[in-house]
Amino acid sequence: MELPQSIFLVFGATGRTGRHFVDIALEEGHRVKALVRSPGKVRRQHANLELVEGSVADDEHLDELLQGVDAVICMLGNAREQSKNLVNTAFFKKLIPAMRRQGVKRLLYQAGGFTRPYKRNLPLASRILKSVLLRPAGLLGQHRDNEAVIEYLVEEAQDIDWTVHRASITSDGPSKGTAQRHRTKFSLLTFEDCARYNYRLLSDDSAIHTYDLSRYGG
């Protein structure tokens with residue numbers, strides 16, 4: 001199903017997946033409002049792209065940002081900050097009430113592939129890989145934050161049409177195919193393929209209130 005022309009509010013628009021998502025949304029005829037720290041560093045110019053200077057810490061402007069928006073897309077990650085605090089969780093506890101006030105229902109959040117599903121453990125092999133790969137890199141905090149976001153959405157935001165994509169991403173190389181949703185199996189996606197998958201999720205009503213993985217070939 002194709003998405004009707006919409007206005008997307010994007011957090012993380014300058015990230016490696018975010019840049020592709022913005023390009024795809026604009027190519028498909030949508031309007032994009034992107035919150036960025038340094039608008040002058042964004043090379044992409046388009047009549048339907050609005051850059052708003054700021055960060056997720058500037059939560060007093062959330063209601064203004066959300067006015068007229070059809071969907072919110074969050075592709076946020078800051079390993080250094082998330083190693084110390086549940087940064088995204090704190091942001092979501094302000095974002096969700098603001099979405100309610102502005103009547104915005106659709107939300108997509110990109111988490112990591114090693115993020116645990118709600119109140120479930122990862123398979124043993126994934127737990128081992130998570131410890132071996134992420135602990136030395138200082139990335140465990142990101143997944144703790146992601147897990148806290150999922151818990152908040154499940155327990156406190158059932159009135160919002162949210163979807164969480166637990167994405168595993170490997171490179172910014174050429175497309176490897178079309179990713180599909182899967183509860184237990186995953187592939188290492190390119191950033192562009194991940195962005196295209198995120199875009200398609202926005203029109204997939206069966207994905208609402210899910211936090212699945214993605215893999216090539218279904």
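Predicted model: local features only at pLDDT ≥ 70, side-chain atom pairs only at ≥ 80, totals over all residues.

User: How many helices and strands does the protein chain have, and what does its radius of gyration say about the chain as a whole?

Analyst: The protein chain has seven helices and 10 strands. Its radius of gyration is 16 Å, close to the 17 Å that the globule rule gives for 218 residues, so the chain is as compact as a globular protein of that length. The C-alpha trace spans about 45 × 35 × 35 Å along its principal axes.

User: How many disulfides does a search of the whole structure find?

Analyst: A disulfide is a covalent bond between the sulfur atoms of two cysteines. The search of the whole structure finds zero disulfides. The sulfur of cysteine 74 has its closest cysteine sulfur in cysteine 194, and because the two are 14 Å apart, they are too far from each other for a bond. Cysteine 194 is likewise in no disulfide. Cysteine 74 is buried, with a relative accessible area of 0%, and cysteine 194 is also buried, with a relative accessible area of 0%.

User: What can I learn from residues that are apart in sequence, for example aspartate 63 and alanine 98?

Analyst: The idea is to set separation along the chain beside separation in space. Aspartate 63 and alanine 98 are 35 residues apart in sequence, yet their C-alpha atoms are 5.6 Å apart in space. Leaving out residues up to four places away in sequence, aspartate 63 touches Ala98, Arg101 and Gln102, and its relative accessible area of 21% makes aspartate 63 partly exposed. For the chain as a whole, among contacts between residues at least 6 apart in sequence, 70% join residues at least 24 apart.

User: How far apart in space are glutamate 28 and leucine 65?

Analyst: Glutamate 28 and leucine 65 are 37 residues apart in sequence, and their C-alpha atoms are 22 Å apart in space. Glutamate 28 lies in the loop between helix 1 (16–27) and strand 2 (31–36), where glutamate 28 is partly exposed, with a relative accessible area of 47%.

User: Which residues is arginine 215 in contact with, and where is arginine 215 found?

Analyst: Arginine 215 is found in strand 10, and at 23% relative accessibility it counts as partly exposed. When neighbours within four places in sequence are left aside, its contacts include Thr178, His182, Lys185 and Phe186. The C-alpha atoms of arginine 215 and arginine 183, which are 32 residues apart along the chain, are separated by 9.8 Å.

User: Is serine 55 buried or exposed, and what does serine 55 touch?

Analyst: Serine 55 is buried, with a relative accessible area of 13%, although its place is in the loop between strand 3 (49–53) and helix 2. Residues up to four places away in sequence aside, serine 55 touches Leu35 and Arg37.

User: What is the phi of lysine 119, and what is the phi of histidine 209?

Analyst: Most residues other than glycine have a negative phi. Lysine 119, which is not a glycine, has a positive phi of about 55 degrees; this residue is found in the loop between strand 5 (106–112) and helix 5 (124–137), and at 65% relative accessibility lysine 119 counts as exposed. Histidine 209 also has a positive phi, near 65 degrees, and its place is in the loop between helix 7 and strand 10 (213–216). At 27% relative accessibility, histidine 209 counts as partly exposed.

Technical notes. Residues numbered from 1 in each chain as written. Heavy atoms only, no water. Helix = DSSP H or I, 4+ residues; strand = E, 2+ residues; numbered from the N terminus. Rg over C-alpha atoms; globule rule 2.2 N^0.38 Å. Contact = heavy atoms within 4.5 Å. Disulfide = S-S within 2.5 Å. Buried < 20%, exposed > 50% of the residue type's maximum accessible area, 1.4 Å probe, protein only.
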